[in-house]
Amino acid sequence: MRYIVDNDLHIHSKISLCSNDPEQTNERILQYAKDCGIKTLCLTDHFWDETVEGASSWYEGQSFKHISQALPLPTHNGIRFLFGCETELTRNLILGVSKKKLDLLDFIVIPTTHFHMKGYTISEEEDSCAESKAKAWIKRFDAVLNMDLPFNKIGFAHLTCGLIDRDREQYLKILSLLPCDEMERLFTKAAKLGVGIELNSLDMSFPDSEADVVLRPYRIARSCGCKFYCGSDAHHPETLDKAKAIFERAIDMLELTEDDKFII
C-alpha cells in the first residue's frame with residue numbers, strides 16, 4: 001500500500017524564536033491535522049538544554065522551561081499531539097539535550113545540516129568549499145549515529161536542507177559530492193538503529209529538474225531499509241496549508257509504501 005500522509009513530526013509554534021508568529025498557535029496546528037487527516041503531530045520548538053554547555057546566544061533563551069510553555073497541548077479524538085523538540089549539533093559535535101531531558105520528550109528532531117550557522121555548527125575550514133561541506137555532511141551525520149541516544153524517538157531533519165548553502169548551484173554541487181558508499185554505510189547503520197528520516201516540506205519544494213540530485217540520499221536511505229516520516233517544518237500557518245501536497249509529491253517520486261513509514 002502507498003505511504004499514507006497521516007503524520008507531521010516537525011512543527012514549530014509561535015514560541016520558537018524563528019517563528020514568533022502569533023497565528024502559529026497549538027490550536028491552529030491541531031486544526032491543520034483535522035483538515036488534512038493527520039493522525040500524529042509533534043511540536044518541535046527549537047531547544048537547547050540549559051544543563052548542557054555550548055548554547056549560542058540565540059539558543060540560550062530556548063530552554064526546557066521556555067518550550068514547556070506550550071503545555072498542555074490541545075487534544076482531539078483520534079489525533080496524537082506529541083511534545084518534542086528540535087535541538088542543535090555544534091561544530092564540536094555537542095548535542096544540545098541531556099539524557100534527563102530526552103526522557104521527557106516524545107520525539108527529538110536533530111538537524112545535521114544547519115550550515116548557515118557558520119562558526120557555531122560548522123567551522124570556517126569546513127565552510128570553505130563544496131568538498132569540505134560534503135565531508136562535514138558525512139561527519140555530522142556519523143557523529144549522531146555514534147551517540148548514546150534513544151533512536152526509536154530520534155529523527156534526522158532536512159538532510160537536503162537549502163541552508164547547506166544559500167547559493168542553489170553550490171548547494172546542488174554539495175549534494176552531488178556526497179559519496180554513495182558513505183551514504184550507504186550511514187543509512188545502513190541508521191536503519192539498524194531505527195531512526196526516522198525526514199521528508200521535509202521545505203526541502204521537497206524543488207523543480208523536477210533537480211529531483212535526481214535532491215532525492216538521491218533518500219533513495220539510498222530507502223534501499224538501506226530506513227523509515228521515513230513527514231515534517232512540514234512549519235513556522236507559519238501558510239506552510240502548514242501547503243505541506244500535504246508537497247509530501248504527496250515526494251512520496252510519489254520516491255515510490256514509498258506503508259512499509260517505509262517511521263512510527264513513534
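Helix 6 passes helix 8 in a left-handed crossing, and helix 5 does likewise with helix 7, again left-handed. Keep in mind that this is a predicted model.

**Helix 6 with helix 8**
- On the helix 6 side you'll find Tyr-171, Leu-172, Leu-175 and Ser-176, which meet Val-213, Val-214 and Arg-216 of helix 8.
- Sorted by class, this contact has five nonpolar residues, one polar and one charged.

**Helix 5 with helix 7**
- Helix 5 (residues 130-145) and helix 7 (residues 180-193) have axes 11 Å apart and pack at an angle of about 20 degrees.
- Angles under 35 degrees count as roughly parallel, so helix 5 and helix 7 are roughly parallel to each other.
- Helix 5 brings Trp-137, Ile-138, Phe-141, Asp-142 and Leu-145 to the contact, while helix 7 brings residues including Met-183, Leu-186, Phe-187 and Leu-193.
- The contact of helix 5 with helix 7 splits into nine nonpolar residues, four charged and no polar ones.

**The largest pocket**
- The largest pocket has a volume of about 370 Å³.
- Its lining is made of 24 residues, and the ones nearest the centre are His-114, His-158, Cys-161, Leu-163 and Asp-233.
- By class, the pocket lining has 10 polar, eight nonpolar and six charged residues.

Notes:
Residues numbered from 1 in each chain as written. Predicted model: local features only at pLDDT ≥ 70, side-chain atom pairs only at ≥ 80, totals over all residues. Heavy atoms only, no water. 1 Å grid on protein atoms, 1.4 Å probe; cavity = no way out; pocket = protein on both sides within 12 Å on 5 of 7 lines; lining within 4 Å. Points joined across faces, edges and corners; volume = space filled by probe spheres on them. Nonpolar A, V, L, I, M, F, W, Y, C, P; charged D, E, K, R; others polar. Left-handed = near helix turned anticlockwise from the far one by under 90°. Helix = DSSP H or I, 4+ residues; strand = E, 2+ residues; numbered from the N terminus. Contact = heavy atoms within 4.5 Å. Axes fitted to C-alpha atoms, helices over the stretch in contact; angles between N-to-C directions. Parallel < 35°, antiparallel > 145°, perpendicular 65-115°, else oblique.
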